[in-house]
Amino acid sequence: MRLWQPRTRSIYRGAAVKKERPAAGPRAIAVTSGKGGVGKTSLVVNLALCMSKMGRKVTLFDADLGLANAEVMLGIVPPYSLYEVLYGNKTIEEIAVQGPLGIKVISGGSGLLEMANLDRNRRQHLFKMFNQCCFGDDIILIDTGAGISKNVLGFVAAAGEVIIVVTPEPTSLTDAYAMIKILANFRVHSEVSLVVNRAADSREAMHTLGKIQVAANRFLDIKLNFLGWIPEDRLVSQAIKSQRPLCLASPNAHASKSVAGIARFLLEGVPPASGEGFWSKLIGLFG
């Protein structure tokens, strides 16, 4: 699936983008969540690095406009952000910087109120410029903000694929379902993928998925795909504090291996290794 997929309806007038043209560019995957604090950016950063390790050319686009922090987790300081693109005279190519393992990073800027509240014209302008860049890449990972703002829904609609990150917490489940409901009701995507983060074990991950799947089957017309789950791991917070991505600082950590498995699943379609019977149970749950 590619950037600028056809959309049958707009979402939140002005948030979704119009179909510009059939694209032959990179595979664009938006990673989003219903609520903040679920580990979305950490997943995007480590997915980007895992995919680069697998030989793919990857751009990490931090689309949490005005509150971007992927660069902090990567330990880099981009001199420019999308602010200079929208309010200055820079191009996206000019603000992109190189991160670890050769990934490209595009910063959404931090502490910039204008970025968090883009009007429709600037949002459309950004999408058009974004569509014209990154054609030498294999993958664009878009780290959206959390929630259902126009900025978030616009980037989710623009991407060819969407991953929703959820944790076992009830508030996360509720907000993730709300996001899926919007995407289903407005026909933004016919299918979405899920990652359960910070699960105590595979049983809790299954339980989390089951709750969402049951509700979606009952009320929504959308296909859910499960990419994998990531265990609660204290090494994740240590990596964030040290500004060194987990998969580089602790490649053998359980959480690192889980993210690597998800990256492999996305690129090669090979399900991550997990607990005994886990995937067979999922076939029953999602099949």
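**Close-up views of a predicted model**

**View 1. The cysteines C50 and C247.** Counting as a disulfide any pair of cysteine sulfur atoms within 2.5 Å, the total for this predicted model comes to zero disulfides. C50 is in no disulfide, and the nearest cysteine sulfur, that of C247, lies 4.4 Å away, which is too far for a bond. C50 is buried, with a relative accessible area of 6%, and C247 is likewise buried, at 3% (buried means under 20% relative accessible area, exposed over 50% and partly exposed in between, with a 1.4 Å probe and protein chains only).

**View 2. G39 in the annotated binding site.** An unreviewed UniProt entry carries the annotation "binding site" for K35, G36, G37, V38, G39, K40, T41 and S42; such annotations may be inferred rather than shown by experiment. G39 sits in the loop between β1 (27-33) and α1 (40-53), where helices (H or I, at least four residues) and strands (E, at least two) are DSSP runs numbered from the N terminus. G39 is buried, with a relative accessible area of 14%, and, apart from neighbours within four places in sequence, is in contact with N197 and R198 (contact means heavy atoms within 4.5 Å).

View 3. Leaving aside neighbours within four places in sequence, T41 is in contact with N69, A70, M73 and D143.

**Notes to the views.** Residues are numbered from 1 along each chain as its sequence is written, and side-chain values use heavy atoms, leaving out hydrogens and water. Because the model is predicted, local features need pLDDT of at least 70 and side-chain atom pairs count only at pLDDT 80 or more, whereas totals for chains, interfaces and linings use all residues.
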